[in-house]
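Please keep the structure in view while reading.

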Amino acid sequence: MIAGNWKMFRGPEPSALRGALGDLPHVVAPPFTLLRDCVEAGLTTYAQNVHWEPEGAYTGEVSAPMLQDLGVTGAIVGHSERRQYFGETDLGVARRAHAALQAGLGVIACVGETWEQRESGDTETVLRVQVESIGDLCGTHDNLVIAYEPVWAIGTGKTATPELAQEAHAFIKSLLAAPVLYGGSVKPDNAEELLAQPDVDGALVGGASLDLDSFVAICRAGS
Ligand code: PEP
């Protein structure tokens, strides 16, 4: 799976992207306001977040059934920007993942350590806590994918080496049987060697997914 996280950007024009992708497998995760356009263009479309309740007094949130009304087929949960800027917790992320899976959505659940945590030798502890909280609530599930996104590599141009990514992915898979995507400054020129690692099952792409040609090139590397 190659998934593009558009964050709070407009991204490429959906029908142009759909045309350029041809048969290449892909997922796009645009802002909520562009979900319908992406679905209507025929793109495989995920939301960037989803709430655990089907409805309720949760201002600013969107539920799995609401996403499904639009034809959205999955959601990202636990992105580090949600954890860092919006106070999302391991339990909240696990509840979001669980509700989305129960509703029949695909889920990309993000985990990853900060630079300080890596430097102090805490990477495995951090990953264990994050992955196990998802695994404890969701178990293994055909529609559950983990994204390993070292926080220090997101939007910084600092990519994990293929060896470092492989090591983290293998560790995550020892905790939970799920495909693991790599995320963190994936670009057309580094995608192939990252994706060649045996436990790298795809990529979650931020910045480079905003450029039509770059995203198509990464999807091609993935196929
Ligand atoms: C992301 O937002 O999930 C991401 C990996 O961003 P970037 O590719 O820009 O580092």
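Helices (H or I, at least four residues) and strands (E, at least two) are DSSP runs, numbered from the N terminus. The model is predicted, so that local features need pLDDT of at least 70 and side-chain atom pairs count only at pLDDT 80 or more, whereas totals for chains, interfaces and linings use all residues. Residues are numbered from 1 along each chain as its sequence is written, and side-chain values use heavy atoms, with hydrogens and water left out.

**Ligand shell**

The ligand is surrounded by 14 residues, the closest being Lys7, Glu149, Gly155, Ser185 and Gly207; a residue counts here if one of its heavy atoms lies within 4 Å of the ligand.

| Residue and its atom | Ligand atom | Distance |
|---|---|---|
| Lys7, side-chain N or O | oxygen | 2.7 Å |
| Ser185, backbone N or O | oxygen | 2.8 Å |
| Gly206, backbone N or O | oxygen | 2.8 Å |

Taken alone, the ligand exposes 290 Å², of which the protein buries 98%, the areas coming from the Shrake-Rupley method with a 1.4 Å probe.

**Two loop residues**

Lys7 lies in the loop between strand 1 (2–5) and helix 1 (14–21), and Ser185 in the loop between strand 7 (180–183) and helix 9 (188–195). Most residues other than glycine have a negative phi. Phi of Lys7, however, is near 50°, and that of Ser185 is near 55°.

Terms used:
A polar contact is a pair of N or O atoms within 3.5 Å; within protein, one must be able to donate a hydrogen and the other to accept it, and residues adjacent in sequence count only if both atoms are side-chain atoms.
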